[in-house]
Amino acid sequence: MPEKPIKGDKRYFMTGNEVVAYAAVMANADIMYGYPITPQNEIMHYWTRMAPKYGKEFLQTEDELSAGFTTVGGVLAGRKAFTATAGPGNTLMQEPISMAEAMRLPIVVAVQQRGGPSTATVIYSQQEVTLTTFGGNGEGFRIVYSTATHQELYDYTIKAFNTAWKYRFPTFILGDGYQAKMRESLTMYDPESRGIELVSPEAYVGMPGTPGIDRPPGQYRNTYNVEEELYEVLQQYQKEYDAIAPEVAEFESLGAEDSDLVVVSHGVVSRAAKEAVMELREAGVKVGYFRPITLRPMPEKQLREVANKAKTLLIAESAIGQLARLVKDSIYGCGAGIIPLFKPGAGITAEEISAKIKSVLG
Amino acid sequence: MRLNISSRIVEAYVGEYASGKSEVAVNRALMLSRLGRTVTLVDLDIVEPCYTLRPIKLELIAAGIQVLAWETRDTEGLGEAGNVIRAENRWALKRPGDIILDIGYGVGGSRTLNLLEGAGTDPDLRVVAVINASRPMTASIEDITGYVGELGNVNMLINNTHLGDETTADIVQEGARLVSGASVILDMPVLATTAAEEIAAIIGPKDCAGNQVWAIKRYMPQTFW
Amino acid sequence: MSVQLAMPKSWRVDTKPHKFCPGCGHGLVLKALGEAIDELGIQDKAVYGCDIGCSLLSWDFFNIDAIQTHHGRTTPVITGIKRANPEVIGIAYMGDGGGYAIGSQHLVNAAARNEKITLILVNNTQYGMTGGQMAPTTMPGQKTETSPYGRDPEKTGYPTQGPEMVAAITQEGAYVARGTVANPKQMKGFIKKALENQINGRGFSFVEILSTCPTNWRTNAEDTWKFLEKDMTKYFKVGEIKVPESRHEEGK
């Protein structure tokens with residue numbers, strides 16, 4: 001058995017992309033398939049550097065369609081397979097992801113959001129929320145973790161493989177270009193030393209024995225003949241998704257229970273939101289902070305509780321209302337009003353959020 | 001044209017997309033069935049098989065018609081549109097009694113009949129081109145003659161001109177005039193003019209060009225395609 | 001008592017009779033593939049992927065692990081499986097539209113990378129399942145639903161020479177051939193050699209099979225065979241196009 005790169009807990013200073021590569025190795029991922037696109041490239045760079053040392057495989061494909069479909073193939077072969085992409089690559093990858101959704105294949109995808117629409121910028125945005133949560137011609141049977149720190153990139157990359165293989169829904173680590181390239185410290189650890197049991201993969205094809213003699217053949221399709229047949233399958237998927245949603249959903253909240261105004265944000269923007277809220281609370285301003293960590297499923301119950309108590313939700317995001325749509329959908333019928341702070345493709349500072357809060361509170 | 005009641009009737013309905021081939025074929029099958037005749041209705045629509053007949057298949061069977069069409073449930077991949085010919089349909093002409101063939105549209109035209117065993121030698125087979133003069137590609141005598149000329153072997157025309165819910169007797173009569181005009185140039189008879197029951201009642205047993213009028217029911221609005 | 005011709009051992013009997021149209025060539029190709037699998041004894045190792053289009057009707061055709069993928073995407077799915085588990089024998093089965101149009105980038109790059117998988121591409125000169133549209137392989141002058149006046153090479157090019165292209169871009173070790181359902185024995189031989197090429201770890205293997213589609217050609221039995229044997233072979237030359245051993249010998 002090849003050694004692991006991380007043995008005991010240790011603090012490291014890294015970029016986010018490196019963190020994802022290390023976390024994938026530590027999650028016992030077997031193979032990565034990828035196609036170059038900024039700002040996710042160093043995930044591939046570091047995976048390929050480590051691959052021979054730790055018995056891992058890599059295939060650079062001809063495009064993201066292929067990267068997604070080869071990842072689907074890797075999972076079918078019973079390996080922990082993953083890929084990483086961004087922007088226009090994420091657009092292409094929706095096709096293989098929809099096949100994974102239809103066939104409940106536990107692929108893992110790291111998305112480092114860049115500006116959109118189109119080629120836009122290679123730098124940063126939160127504009128791939130809609131695509132990552134509900135892309136493809138389907139119903140969004142996916143699990144999406146939106147990370148805010150390098151520590152979370154590490155924790156949730158490891159968790160994503162477990163979530164995917166436990167529930168058999170495509171699972172995403174949704175980062176962004178800032179997190180991808182930013183340098184900060186984190187603790188890397190061997191998950192097993194912390195009692196995190198790594199879920200073992202299972203093969204869909206190529207199992208031992210001769211099909212039809214020793215075992216039935218493993219045969220899978222995503223085409224249905226009649227409406228009723230598809231309807232039945234999707235009803236069952238929805239039922240299973242609804243059942244696991246409460247245990248999968250995660251959130252972070254601060255003073256949201258006793259504040260008239262609560263700032264709702266996700267990902268790297270929530271760092272600024274948290275800072276602004278903490279400073280204002282220290283100064284005696286009653287303002288709250290709520291951050292969904294899973295954007296799919298949303299932490300609906302907790303968010304509704306907040307929206308039933310607070311008068312106003314200030315939604316801050318680096319997109320024009322992609323998070324806001326998920327929030328509105330979750331809190332339909334609750335009392336709180338919504339004030340936007342939308343900066344598509346641009347970062348949001350604590351000062352901007354603080355100023356906005358002050359202007360709202362008057 | 002007079003139909004000899006005792007003889008075997010074999011009619012293949014061809015024509016433009018959405019010209020009403022299935023509608024006419026279904027009504028024709030029911031018409032013959034009501035006369036106490038043995039009728040087999042065959043779906044030879046290759047581009048959109050079974051979609052048109054599927055919702056009314058049971059109704060047709062209850063009316064005593066034998067229906068040769070895929071059960072959608074049995075046709076893998078028809079969600080992808082799909083086209084597959086049932087082996088049974090290939091031998092349809094060998095069945096006893098009347099045979100009504102619903103041929104889908106396509107550049108193949110009546111050449112789809114090449115897929116049927118015995119189509120080249122069946123003495124009773126009549127290929128009927130269904131014309132709805134409210135369709136843009138068959139809206140004038142010139143359009144109709146040009147279109148029918150491309151269909152391959154055709155023996156008769158049928159005027160199925162209508163405008164859906166907006167159909168009036170005048171629209172049907174105008175279609176009759178155009179189709180009859182084309183029939184002179186093409187040198188082939190007009191089998192009939194079809195009209196929904198309430199319109200047929202206004203027109204009477206013959207249209208303005210002297211063609212017999214078939215009062216039909218519009219089943220296709222119940223179907224999907 | 002009727003005589004039932006023997007089915008390949010690797011076929012799934014409970015999914016027969018199959019659902020291809022009467023006169024369709026797919027059944028012949030899949031029989032040759034089944035026999036090749038039987039003779040090579042790889043039923044326990046083979047993993048079969050089929051495309052969208054009529055080829056998808058084969059998703060449960062064999063007693064072999066199988067995946068029905070997306071249109072054009074069978075090549076990357078089988079590539080992904082083979083890369084993750086090199087023990088399997090990966091077979092990607094597709095039509096001409098899937099291989100030469102929507103999935104052409106996957107074909108070109110899998111070939112260029114010398115992926116150790118086997119592609120079988122059935123060429124019947126049009127898109128069958130969607131109702132007979134023009135494909136990269138449609139013959140000049142051939143009428144289809146999207147070339148209603150006949151394919152005009154000035155506007156839409158000439159039929160894709162798939163195996164010739166694959167032979168040109170693959171390295172030593174690849175196996176490339178074009179068979180026809182008109183010659184089942186030769187076709188089976190090509191498919192078997194292609195699989196052997198993968199079993200021996202030599203490299204990419206690709207077999208195009210000229211096949212029939214009477215349904216969309218609107219042809220009777222006689223004209224179907226005439227089109228296959230006379231018209232199609234004018235453009236698509238049947239035979240082995242790249243064979244590792246012979247190349248090796250040439251170099252001596």
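User: Which strands form the open sheet, and in what order do they lie?

Analyst: In general, two strands pair if DSSP finds at least two bridges between them. Helices (H or I, at least four residues) and strands (E, at least two) are DSSP runs, numbered from the N terminus. Here, in a predicted model, 8 strands form an open sheet with mixed pairing, in the order β9(A)-β2(C)-β1(C)-β3(C)-β4(C)-β8(C)-β7(C)-β9(C). The edge strands are β9 of chain A and β9 (239–242) of chain C, each of which pairs on one side only.

User: How are the residues and chains labelled, and which confidence limits apply?

Analyst: Residues are numbered from 1 along each chain as its sequence is written, while chains are lettered from A and ligands numbered from 1 in the order in which they are written. As the model is predicted, local features need pLDDT of at least 70 and side-chain atom pairs count only at pLDDT 80 or more, whereas totals for chains, interfaces and linings use all residues.

User: In which sense does β9(A) pair with β2 of chain C?

Analyst: β9(A) and strand β2 (residues 65–68) of chain C pair in the parallel sense, over 2 bridges. In β2(C), C:Ile67 is the bridge partner of A:Tyr220.

User: What joins β7 of chain C to β9(C), and which helix packs on the sheet?

Analyst: Strand β7 (residues 175–180) of chain C and β9(C) run antiparallel and are joined by 3 bridges. One pair of bridge partners is C:Ala177 and C:Glu240, the latter in β9(C). Helix α6 (residues 162–169) of chain C packs on the sheet and touches β4 (118–123), β7, β8 (205–210) and β9 of chain C. The direction of α6 makes about 170 degrees with that of β7(C); axes are lines fitted to C-alpha atoms, for helices over the stretch in contact, and angles run from 0 to 180 degrees between N-to-C directions.

User: How many residues of chain A are in contact with chain C?

Analyst: Two residues are in contact if their C-beta atoms, placed from the backbone, lie within 7 Å. By this criterion, 35 residues of chain A are in contact with 30 residues of chain C. On the chain A side, the elements that give two or more residues are β2 (31–34), β3 (57–60), α3 (64–76), α4 (87–103) and β9 (219–220). α3(A) gives the most, with 9 residues. The residues on that side divide into 14 nonpolar, 14 polar and 7 charged; Ala, Val, Leu, Ile, Met, Phe, Trp, Tyr, Cys and Pro count as nonpolar, Asp, Glu, Lys and Arg as charged, and the others, Gly among them, as polar.

User: What average pLDDT does chain B have?

Analyst: pLDDT is the predictor's confidence in each residue, from 0 to 100. Chain B averages 87, and 88% of its residues score at least 70. Over residues 1–5 of chain B the pLDDT is below 50. Where pLDDT is low, the predicted coordinates should not be read in detail.
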